Amino acid sequence: MTHARQSLGEQGERLACRELRRRGYAILATRHRTRFGEIDIVAQDGDTLVFVEVKARRTRDFGGALAAVGWRKQRRIINMARSYLMGLTGPQPPVRFDVIGVTLATDERPTVEVVVDAFRAG
């Protein structure tokens, strides 16, 4: 991954975490590594464990950040979540998948769009 893309991703994740905290989520982990890949953010919203995929873009072209989470990416996120859950002890909490699109266009304020319950593991 190029340094510019990595920096964009890190900035997007920081803004996403800030927005989630503003909404009352507790951030449990960021960039959690599993054998299937990396979960951007693991958070708790009330009693629900939330796996959050963050997509940061510099432009809204091509459908923006949210359009980048197709069914293949969803399957990977679900597998990463299952891997995370296997490491927990006790009863499994309710689980949800959110997607956050962050647009960091030059000369504009960043926009953060949160899609709650963006897809299901079913």
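This is a predicted model: local features need pLDDT of at least 70, side-chain atom pairs count only at pLDDT 80 or more; totals for chains, interfaces and linings use all residues.
**Helix 2**
- The buried residues of helix 2 are Lys73, Gln74, Ile77, Ile78, Met80, Ala81, Tyr84 and Leu85.
- They sit on the same side of helix 2, because their arc around the axis is only 165°.
- Strand 1 (26-34), strand 2 (37-45), strand 3, strand 4 and strand 5 are among the elements that cover these buried residues.
- Helix 2 has 16 residues, so at 1.5 Å a residue it should span 22 Å. Its end C-alpha atoms lie 23 Å apart, which agrees.

**Aromatic pairs**
- The count is three aromatic pairs.
- Phe51 and Tyr84 make an edge-to-face pair, because their ring planes stand at 80°; the ring centres are 5.5 Å apart.
- Phe51 belongs to strand 3 (residues 48-57) and Tyr84 to helix 2 (residues 71-86), so this pair ties together parts 33 residues apart in sequence.
- Phe51 and Tyr84 are both buried.
- Phe97 and Phe119 form a stacked pair, with 5.0 Å centre to centre and 20° between the planes.
- Phe97 is in strand 4 (residues 95-103) and Phe119 in strand 5 (residues 111-119), so this pair ties together parts 22 residues apart in sequence.
- Phe97 and Phe119 are buried as well.

**Where the topics meet**
- Phe51, Tyr84, Phe97 and Phe119 form one aromatic cluster.
- Tyr84 of this cluster is also one of the buried residues of helix 2.

How values were computed. Residues are numbered from 1 along each chain as its sequence is written. Side-chain values use heavy atoms; hydrogens and water are left out. Rings of Phe, Tyr and Trp (its six-membered ring) pair if their centres lie within 6.5 Å; planes under 30 degrees apart count as stacked, over 60 as edge-to-face and the rest as tilted. Helices (H or I, at least four residues) and strands (E, at least two) are DSSP runs, numbered from the N terminus. Buried means under 20% relative accessible area, exposed over 50%, partly exposed in between (1.4 Å probe, protein chains only). The expected span of a helix is 1.5 Å times one less than its number of residues. The arc is that of the directions from the helix axis to the C-beta atoms. Contact means heavy atoms within 4.5 Å.
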